[in-house]
2 protein chains.
Amino acid sequence: MKTIAIVEDDEFLLEEIINTFESRGMNAVGVSDLKNAVREIIKLSPDLLVLDLNLPYQNGLEICTAVKSKINMPILILTARDSLGDEICAINLGADDYLTKPCHPDRLIARAQRLLSTYEGSLNLVRAGMLTVDSVSYKVSYKGENMVLPETSGKILLTLAKAYPETAAKEELVKTLWGTGEFLDPNILEVNIARLRKSLSEIGADSAVITVRGEGYKIAEGEV
Amino acid sequence: MKTIAIVEDDEFLLEEIINTFESRGMNAVGVSDLKNAVREIIKLSPDLLVLDLNLPYQNGLEICTAVKSKINMPILILTARDSLGDEICAINLGADDYLTKPCHPDRLIARAQRLLSTYEGSLNLVRAGMLTVDSVSYKVSYKGENMVLPETSGKILLTLAKAYPETAAKEELVKTLWGTGEFLDPNILEVNIARLRKSLSEIGADSAVITVRGEGYKIAEGEV
DNA sequence: AAATTGCCTTACAGCCAATGTAAGTTGATA
DNA sequence: TATCAACTTACATTGGCTGTAAGGCAATTT
């Protein structure tokens, strides 16, 4: 069953929204600890997040940005702030839809279900710079071009993508890929980085993996 | 560069929308032949479709349904019909967003770009029944579970998915997979169907491939 | 009920992509 | 220029994928 998390400080409205979802057979959970909303959301890992903007302690847009940078999850903004500026801002920050209160339950449900079905199958995408990596199939997308990486290359790229925009340390990479690298060829990582780059060159993304001398590797920054 | 197709019978408004997109560096094309809109859209294969509802010859919702059943493409409804019923209907038919005219260009652009980026990486998904198949990586999704199929199994499932909800004939499958099957083991398809089913059983979807005795195979129907 | 046809199951051997190891080369830094 | 980190190329091994083959099961027909 799909789980929907709701961040809303008005308790009556929260109850109403939860009922709306539950009456349609979905599992709705209110995020209670508004001070640590992001942590609670990550912990819940719902299939959809419904988010108010006017919140105590923290702005809804901040939560939106923080959540999106960690997990690829659809976010539906539901707010009383009917301003075009807010809407565009929210959407550019990664929100997937923007509805204004009061909102008819049927509309909310329809929009929510659309998001759920759109995200189906793309739930395990990790975005980093201009790359998109699927953590299950190791499919990489770059400027509309796709390819599937072999397992080792895929795991490396995934580790780099999760560390993005930071640099992934060499030891961390070796540890993630091969466990405690006691009896391993010290060259193993470099060889496989080269293989990854060679694969990525097929879709023109070979300069996406950057060497940070003495530290490790990272993915090139750049907006999509 | 991203291509956006626009279906709109009001020529002035069409021009305005095209300008809105082109001034942001996108490639916008008006669909001129409203009688054969669907065929023209399929031929164009744009990255996004902007669709009016009130059209001569054909209802916008019909176009929406027809296009979605053929290609996985984001569709943005832009209409003067400000009715909740229409909106919910459109969204349930597969539309990804619903905006009412008049619409501020910035809002249109923001929504369009959001859809483009959401669909990035999931462009090659083919839906069939309760299954979703990625035509590049052969990743299958079923009830939130995923797995990656080997090439032969993947190609078979993809052929079945494209034929959905029809039955794919045995000869067609053999031809698609192995070309003219002159010197082939006549058993080859059955063995690989069995392998496909065995793989799918890992995610509980083994009954998704149905045998049609004397004809071929099809994917089980069923809403998501 | 027996026969026939179509589909399924299991086993096996060949093949190829992917991988770890190794050794030699290039390039940056001090 | 010396040194070390990173890159390149080559090679042998391995394991999963694949087509072939043969026997069994089930549905349809006579």
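Me: Why is Ser141(A) called buried?
Reply: Buried means under 20% relative accessible area, exposed over 50%, and partly exposed in between, with a 1.4 Å probe and protein chains only. Ser141(A) has a relative accessible area of 3%, so the residue is buried. This is a predicted model, in which local features need pLDDT of at least 70, side-chain atom pairs count only at pLDDT 80 or more, and totals for chains, interfaces and linings use all residues. Residues are numbered from 1 along each chain as its sequence is written, chains are lettered from A and ligands numbered from 1 in the order in which they are written, and side-chain values use heavy atoms, with hydrogens and water left out.

Me: In which strand is Ser141(A) found?
Reply: Ser141(A) belongs to strand β8 of chain A, residues 139–142. Strands (E, at least two residues) and helices (H or I, at least four) are DSSP runs, numbered from the N terminus.

Me: What makes the pair Ser141(A) and Asn146(A) a polar contact?
Reply: A polar contact is a pair of N or O atoms within 3.5 Å; within protein, one must be able to donate a hydrogen and the other to accept it, and residues adjacent in sequence count only if both atoms are side-chain atoms. The side chains of Ser141(A) and Asn146(A) make such a contact at 2.9 Å.

Me: Why is Thr159(A) called buried?
Reply: Its relative accessible area is 11%, so Thr159(A) is buried. Thr159(A) sits in helix α6 of chain A, residues 151–163.

Me: Which residues is Thr159(A) in contact with, leaving aside neighbours within four places in sequence?
Reply: They are Glu172(A), Leu173(A), Thr176(A) and Leu177(A). Contact means heavy atoms within 4.5 Å.

Me: How many residues surround DNA strand D, and which are the closest?
Reply: There are 23, the closest being Thr211(A), Thr152(B), Trp178(B), Asn187(B) and Arg195(B). A residue is near a strand or molecule if one of its heavy atoms lies within 4 Å of it.

Me: What parts of DNA strand D do polar side-chain atoms lie close to, by distance?
Reply: For Asn187(A), a polar side-chain atom is 3.0 Å from a base oxygen. For Tyr217(A), a side-chain N or O atom is 2.8 Å from a phosphate oxygen, and for Asn192(B) the distance to a phosphate oxygen is 3.4 Å.
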